[in-house]
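Student: I am new to this structure. Could you take me through it, feature by feature?
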Amino acid sequence: PSQVPSQTPTLVFSEIPSENPSVSPTTQSPTDGPTPGLCEDDANAVFYLKTNNAGNPIFKDCAWLKERKKNRIDTVCAMVDPTGDKVLAKDTCLDTCGFCPS
């Protein structure tokens, strides 16, 4: 082991463990709730809404959903995909769909 920390990370791991382990944990303690910013609508994502009469999928974003009436939001957020291959509103619009813990 070196006597002084290097300015850049080592690309090759040493064979011998450090003589002096860390005094305190190297990561933060667990939090009481979700990390801020994780429970919000994904502004860049689109979700599957339906397939039109021509057989083409219709996609919308969370801003579109947020502008709908509550009963429409509830209906769209409750949609399920039996195939499991579609991204739905409940997957991307966590805040609008009410999936954030209070």
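Tutor: Start with pairing: two strands pair if DSSP finds at least two bridges between them. Keep in mind that this is a predicted model.

Student: Which residue of strand 2 is the bridge partner of Phe47?

Tutor: Lys60 is the bridge partner of Phe47. Val46 has a place in the pairing too: Asp61 of strand 2 stands opposite Val46.

Student: In which sense do strand 1 and strand 2 pair, and over how many bridges?

Tutor: The sense is antiparallel, and there are five bridges. The two strands form a hairpin with five residues between them. Look at Gly55 in that hairpin: its phi is positive, near 90°.

Student: What pattern does the protein follow along the sequence?

Tutor: The pattern reads β-β-α-α-α. That is two strands and three helices.

Student: Now the rings. How do I read an aromatic pair?

Tutor: A pair of aromatic rings is described by two things: the distance of the centres and the angle of the planes. A search of the whole structure finds one such pair. Tyr48 and Phe59 form it, with 6.2 Å from centre to centre and 75° between the planes.

Student: Is that pair stacked, tilted or edge-to-face?

Tutor: Planes over 60 degrees apart count as edge-to-face. The pair of Tyr48 and Phe59 is therefore edge-to-face, at 75°.

Student: Why does the pair tie together parts that are apart in sequence?

Tutor: Tyr48 lies in strand 1 (residues 46–51), while Phe59 lies in strand 2 (residues 57–61), so the pair links parts eleven residues apart in sequence.

Student: Are Tyr48 and Phe59 buried, partly exposed or exposed?

Tutor: Use the cut-offs: buried means under 20% relative accessible area, and exposed means over 50%. Tyr48 has 13%, so Tyr48 is buried. Phe59 has 47%, so Phe59 is partly exposed.

Student: What sits over the ring of Tyr48?

Tutor: The charged end of Lys86 does, 5.1 Å from the ring centre.

Student: Next, the core. How many residues does the largest nonpolar core have?

Tutor: A nonpolar core joins buried nonpolar residues through their side-chain atoms. Here the largest one has eleven residues. Among them are Phe47, Leu49, Trp64, Ile73 and Val76. Four cysteines also belong: Cys62, Cys77, Cys93 and Cys97.

Student: Which elements each supply at least two residues of this core?

Tutor: Strand 1, helix 1 (62–66) and helix 2 (70–77) do.

Student: Leaving aside neighbours within four places in sequence, which residues is Cys97 in contact with?

Tutor: Leu65, Cys77, Ala89 and Lys90. Lys66 is 31 residues from Cys97 in sequence, and 8.8 Å away from C-alpha to C-alpha.

Student: Last, the whole protein. What share of its residues count as buried?

Tutor: Of its 102 residues, 18% count as buried. The protein exposes about 8,700 Å², and carbon and sulfur atoms supply 54% of that area. Now take contacts between residues at least 6 apart in sequence: 47% of them join residues at least 24 apart.

Note on methods: Residues numbered from 1 in each chain as written. Predicted model: local features only at pLDDT ≥ 70, side-chain atom pairs only at ≥ 80, totals over all residues. Heavy atoms only, no water. Phe/Tyr/Trp six-rings, centres within 6.5 Å; stacked < 30°, edge-to-face > 60°. Helix = DSSP H or I, 4+ residues; strand = E, 2+ residues; numbered from the N terminus. Buried < 20%, exposed > 50% of the residue type's maximum accessible area, 1.4 Å probe, protein only. Lys NZ or Arg CZ within 6 Å of the ring centre and 35° of its normal. Core = buried A, V, L, I, M, F, W, Y, C linked by side-chain atoms within 4.5 Å. Contact = heavy atoms within 4.5 Å. Areas by Shrake-Rupley, 256 points an atom, 1.4 Å probe, with all protein chains shown as cover.
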